[in-house]
Amino acid sequence: MKNWLILHVHVFLSALRKFFSTPLSSLFNILVIGIALSLPAGMYVMLKNIQNLAEQKIASPQISLFLSMDTSKDDITRIDRQLKQHAAVGQARFVPREQALEQLKQTTGLEDVIGGLEHNPLPDAYIVHPKISDASALKTLKHELQRWPKIEHVQLDLDWVQKLEAILKFGLMAVLILSMLLGFALVAVTFNTIRLQILTQREEIEVSRLIGATSAFIRRPFLYFGLLQGLLGGAAAWFIISISLYMLNSNLSQLTDLYSANFTLHLPSTEDQLALLLLSACLGWMGAWLSVSQHLWKIEPR
C-alpha cells in the first residue's frame, strides 16, 4: 500500500513538473479550458441568482378559500384551526363577507349599485399564503383544501409560478446543452495536448515497452496530467466567474439604488463549486485516457 501511494505521488509530481517545464503553453491551455467552462457555469450562476431574486421579491402565490353561504361560526373556527396546523400553510387571513363587500365597493366604484342589493352575495373567505412555491405541490394543496367541509371553491394564483418555472427550465436546458458542447471542447483540448506529449516521448515509451512496462504504467502520468489540467481549468473558470460577478455587482449597485432595491449577485454554494472542479477534472482525465488509448497501440515495439 505504501509503495503504491509513493508511486502515485511520484507520478503526480512528475505531471506537475511538466506544467512548469512549459509554463506559457500550460497557461494558455488552462485559460482556454477556464473560459470554455465559465460560459455554462456563469449562466448557471445567473439563473440561480434570478431564482433567488424571484423567491425574495415576488409575492408568494395565494390561495383563496371561499366558504359556503351556510358556514357557521363553529365551522369557521374549525377551518381556522386546520389551516394553522397545516404544514404547508404559512399564513391564513380570514376575510368576513361584510369586509369583502366593503372592499368591493371601494375598488369598483359601484357604491350605488352594491348599496341597492337586498342581501350580501359574497361568502366568507380565507386568503392563504403557502410555504411552498412548487407548482405541482401547490396544485396538490389546492385539491386537498377543496375536499374540506364547507369549502365551496378554491382559487389558486399560479400564473407567475408557472411562468417562472418555464423560464428557469428553458435556461437550465440551454446551460445543459452548452455544457455538453464545451465539455467536448475540454476533452478535445486535453486529447490534443496529450497527443503531442505522446509523440515527443515516443522513443521513451517504446523503450519502456521493451523492458516490460504495462499499458497502465505508461498511461498513468498522462492521466494525471490530463486530470490536473482539467482541475486547474475548473479553478480558472471560477476565478473568471468571481471577477465577472465583482465587476457586475459594482454596476448593479448603481442600478438598484435608482429603484431603492438591494440585490447582489452571489456565487453558488460550495457544493456547486466542488462539482465544477470535479467535473472539469473528470473531463480532463477522459480526454487523456482517450488520447493515450488511441495512440498506445501505434507505439508497439517492432
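I read the elements along the sequence and got the pattern α-α-β-α-β-α-α-β-α-β-α-α-α-α. The chain comes to 10 helices and four strands; helices (H or I, at least four residues) and strands (E, at least two) are DSSP runs, numbered from the N terminus.

I noted that this is a predicted model, where local features need pLDDT of at least 70, side-chain atom pairs count only at pLDDT 80 or more, and totals for chains, interfaces and linings use all residues. Residues are numbered from 1 along each chain as its sequence is written, and side-chain values use heavy atoms, with hydrogens and water left out.

I looked up burial: 36% of the 302 residues of the chain count as buried. Buried means under 20% relative accessible area, exposed over 50%, partly exposed in between (1.4 Å probe, protein chains only).

I then checked contacts (heavy atoms within 4.5 Å). Of those between residues at least 6 apart in sequence, 83% join residues at least 24 apart.

Next I turned to helix H3. Which residues of H3 are buried? I found Asp-75, Ile-76, Arg-78, Ile-79 and Leu-83. They lie on the same side of H3, because they cover an arc of only 160° around the axis, taken from the directions from the helix axis to the C-beta atoms. The face turned away from this buried side carries the exposed residues Lys-73, Asp-74, Lys-84 and Gln-85.
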